[in-house]
Amino acid sequence: MSNSSSGGGGDFTSNLGRIYALYTGGFFGFIILVGILEQLGVQQKYLGYMFMGLTILVYAFIGVVTRTSEVSEYYVAGRKVPAFYNGMATGADWMSAASFIGMAGTLFLLGYDGLAFVLGWTGGYVLVAVLIAPFLRKFGAYTVPDFLAARYGGNAARLCGVLVLMACSFTYVVAQIFGTGLIAQRFLGMNFELACFVGLAGILVCSMLGGMKAVTWTQVAQYIVLIVAYLIPVVWMSANKFGLPVPQLTYGQALEQIATLEQSFIKNGLAPATMKIHDAPFTSYSPANYFWLIFCLMVGTASLPHVLMRYFTTPSVREARVSVAWSLLFIFILYFTAPAYAAFSKLEVYSTLIGKPLADMPQWVFNWGKLGLVTICGKSASSLADITAACQAIAGHAGVLRWQDFGINTDVVVISTPEIAGLPYVITGLVAAGGLAAALSTADGLLLALANALSHDVYYKIINPNAPTKQRLIISRMLLVVVAVLAAWTASTRPTDIVAMVAWAFSLAAGGLFPALVLGVWWKRATSQGAIAGILAGFGVTLFYLVITRYWPHLGVQYFGMASLLNPVSGAPLIDAAAMAQHLANPAVTDGPVLASNPLASRVGWFNINNISSAAFGLPVGMVVMYVVSKMTPEPSKELQEFIDNCRRPKGQTLMVEKV
Amino acid sequence: MSEQDFERYWQRTSSLMIKMIALWFIFGIAVHFFAPQLNAIKIFGFPLGFYMASQGSLIAFVVMLFWFGKAQDQIDRDEGVAEE
């Protein structure tokens, strides 16, 4: 039953290979066409609009063609998505604007320590495949809270799941819309607030009519765009510089040259002896923070609802497992390329900027400097006169750019690569389209996770269990629009903390959901009370640590035994005892909630653990509380134990059956 | 399916799980404890510690997952709980 296609969209799903091959070919043809138009002298602005416009039209077209009025298609794409395509869709669902645009820049700035993100955001899929996804697929859930409700007997567990889901998905979706706004602003010169709502339209058109089914097939199309856009510039650069179009291999040579340059900078007084060496471990994070960060990102990956729900769409448990492997392969392609971007840009900056007279700065420095994204001597590099003045203000500056004078925003590394490498504008447009695809696809998945939790879990399962199918779908779509508009409105107000808060989602999901999901499958003795206590304790401790260290750090120091974090290299406190006493006595510092620029914000904690890894506390607490409370409460009923056995056994029908 | 058969199935599944988690821990965490030492070794210009965190472990994860899909399916078939 699962493999046969029926009803509207059957033609689409039975010709997948041909359709996506044609689509990919068409996309390459389009890139070439735009390239020709550029040579003919068409203005860059119009080329940019062509890229954005055409790709969004294609997504909208897929969204309309795959519309549906069936509940199971709306929530789980009718469980007809083959493992391979679900892998691609998960890749797009997973890789956000931050991965596409920000990751390479993070690696540029942090060097080796930035690899914690590369490791954390890939290794988590091992946990997904082995511990969680196949069992949730067998159960037949529509949403993650569905599973919690069935396993832990009731709506209390369901609501706890919804709470954690909301907390980790909403800021995340806001960040994606923020990302689409930035891309449209930078490449099309669009007004930021307007661009947020254009992004909103792009997201809704993919998800509203067809729910999960439409989102799946648009995400596949978006994956193709984003991976092509990510690879082309860096492959080109590698072929150009090292004569081999395999950047993942050739950047080893770039690393060697970077290391040589670093040593010569230190020797010639162009950088302090304490400069961050690119491949040296533990210069930005202490070893403990590095490993806790990897751990929290991995466990968080395995607990994020918008990722887990993608595996509800495969035809079988077997395919769900294989699909996780495909997902990881598709994600891997981007993540093992990102360090190459970082290395090539760093080599470019080190070999053409550092140690050169200020008058010799290339044009791209000023192009990005005008937007405040490149700084020299602490000021935006908007013109030669400005940077000369800024550097002259520093005592003893010889008018030659030093390592410590140069600053770059993490977003610029990927965006500026085509320009730095001297590639035609068509490639820049392509990168913008890729970034847009990454942001839109992730936003789609998150929005669906949020709206489905509200419409399926809260409305249908709790408020009105007798709602007819038609009404459920109407409510689902209405909630989708409401959540989307709310997210776009929040993004348009430019919340300053939003990007930092995305990193919190991983810890919140890890601390809140991981114990209940994993023990729910692997430990029969886990009880309803244990799970609810575990979720609330794990989520609560994680949230407490995040909020206190970020917004009320002085309370953390005064009442909760927190102390200054330590410098990862020297081990000295970031804020010494005297400064701490002074800050605590200063009402300007202790007037919480404090801003990110506050001297104490995110710089205090327990055991020198950064707040980005706050599940280091939440997860163990959640596990222990769940264990202890489960042991103290009566063993789950015979029926429930049979239910667990059924989830563990691939054979047979799904346990949750949709009434038709 | 008898309770005993299912017990055996779950035991095999669990031991595969433990193997996978052990490998996950080795490649995800343990190997990077030695990054400073591994960095002394260079391969194609890559310091080995850097290489493991940027590519080596990632390749291991991908290979592990495809292998896991096969191995778990084999167990399902052997024990008669595979889907039709």
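Two residues are taken to be in contact if their C-beta atoms, placed from the backbone, lie within 7 Å. On this basis, contacts within chain B of the predicted model were examined. Of those between residues at least 6 apart in sequence, 51% join residues at least 24 apart.

Chain B contains 3 helices and 2 strands. Along the sequence these elements follow the pattern α-α-β-β-α. The C-alpha trace of chain B spans about 55 × 20 × 10 Å along its principal axes. The radius of gyration of chain B is 18 Å, whereas a compact globule of 84 residues would have a value near 12 Å. Of the 84 residues in chain B, 37% are buried.

Chain B touches chain A. The contact involves 41 residues from chain A and 35 residues from chain B. On the side of chain B that touches chain A, at least two residues each come from α1 (3-33), α2 (35-38), β2 (46-47) and α3 (48-78) of chain B. The greatest contribution to this side is made by α3(B), with 17 residues. Sorted by class, the side of chain B that touches chain A holds 23 nonpolar residues, 9 polar residues and 3 charged residues.

Chain A is divided into two domains. Domain 1 of chain A is made up of two segments, 15-344 and 421-522. Domain 2 of chain A covers 356-401. Taken over C-alpha atoms, the centres of domain 1 of chain A and domain 2 of chain A are separated by 35 Å.

Methods:
Residues are numbered from 1 along each chain as its sequence is written. Chains are lettered from A and ligands numbered from 1 in the order in which they are written. This is a predicted model: local features need pLDDT of at least 70, side-chain atom pairs count only at pLDDT 80 or more; totals for chains, interfaces and linings use all residues. Domain bounds come from an automatic or database domain assignment. Helices (H or I, at least four residues) and strands (E, at least two) are DSSP runs, numbered from the N terminus. Ala, Val, Leu, Ile, Met, Phe, Trp, Tyr, Cys and Pro count as nonpolar, Asp, Glu, Lys and Arg as charged, and the others, Gly among them, as polar. The radius of gyration is taken over C-alpha atoms; the globule rule is 2.2 Å times the number of residues to the power 0.38. A residue is buried if 20 or more other C-beta atoms lie within 10 Å of its own, exposed if 12 or fewer, and partly exposed in between; C-beta atoms are placed from the backbone.
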